[in-house]
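The following questions and answers set assigned features against the criteria that define them. Please consult the sequence and the model alongside the text.

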Amino acid sequence: QASLLEAQRPTEQLAWLSGCWERRSANGVVEEQWSSSAGGMLHGFSRTVRRDTVVAYEFVRIYAAGDTLVFEAQPSRQAKTQFGAVPPFTPEVVFANPAHDFPQRVVYRRAGDSLLARIEGMRGGQLRVIPFPYIRVPCDS
């Protein structure tokens with residue numbers, strides 16, 4: 001019966017997000033890691049490393065609130081912010097918080113062994129979109 005309850009949790013629809021993801025560029029490396037959806041919650045963290053220094057990091061959790069998923073993010077030295085998503089959650093999940101300064105939307109889309117993430121919203125009267133294309137990598141132990 002526990003497996004039946006587990007299968008009914010909205011977070012189960014994000015099982016594809018679990019694992020380790022990486023984006024390499026001339027500016028450094030962005031790593032993002034997500035736990036499994038066990039227990040109805042995913043935990044994630046990311047860090048941006050330039051040369052040998054962490055220049056940004058973020059702690060995240062995704063959990064169900066009714067039929068909505070909540071993306072709660074706490075970026076480097078900032079307060080927590082929540083974004084909500086409504087089904088469907090696959091192949092893309094869109095979390096939104098129109099009242100937030102920037103971003104107002106956080107989007108994750110699975111494409112094979114790639115993860116296409118982006119943040120977007122209005123800033124200074126202009127729509128700003130920042131893509132984060134990741135590839136799946138082995139998780140360090």
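**Disulfide, rings, strands and core**

A search of the whole structure finds one disulfide. The model is predicted, with local features requiring pLDDT of at least 70 and side-chain atom pairs pLDDT 80 or more, while totals for chains, interfaces and linings use all residues. Residues are numbered from 1 along each chain as its sequence is written, and side-chain values use heavy atoms, leaving out hydrogens and water.

Q: Why is the disulfide of cysteine 20 and cysteine 139 called right-handed?
A: The torsion about its S-S bond is about 115°, and the disulfide is therefore right-handed.

Q: Which parts does the pair of cysteine 20 and cysteine 139 tie together?
A: Cysteine 20 belongs to strand E1 and cysteine 139 to the segment after E10, so the linked parts are 119 residues apart in sequence. Strands (E, at least two residues) are DSSP runs, numbered from the N terminus.

Q: How do you know whether cysteine 20 is buried or exposed?
A: Buried means under 20% relative accessible area, exposed over 50%, and partly exposed in between (1.4 Å probe, protein chains only). Cysteine 20 has 5% and is therefore buried, whereas cysteine 139, with 42%, is partly exposed.

Q: Why is the pair of phenylalanine 71 and phenylalanine 95 called tilted?
A: Rings of Phe, Tyr and Trp (its six-membered ring) pair if their centres lie within 6.5 Å; planes under 30 degrees apart count as stacked, over 60 as edge-to-face and the rest as tilted. A search of the whole structure finds six aromatic pairs. In this one the centres are 5.0 Å apart and the planes stand at 35°, so the pair is tilted. Both phenylalanine 71 and phenylalanine 95 are buried.

Q: What makes arginine 128 a charge over the ring of phenylalanine 102?
A: The definition asks for NZ of Lys or CZ of Arg within 6 Å of the ring centre and within 35 degrees of the ring normal. The charged end of arginine 128 lies 5.5 Å from the centre of the phenylalanine 102 ring and sits over that ring.

Methods:
A disulfide is a pair of cysteine sulfur atoms within 2.5 Å. Helices (H or I, at least four residues) and strands (E, at least two) are DSSP runs, numbered from the N terminus.
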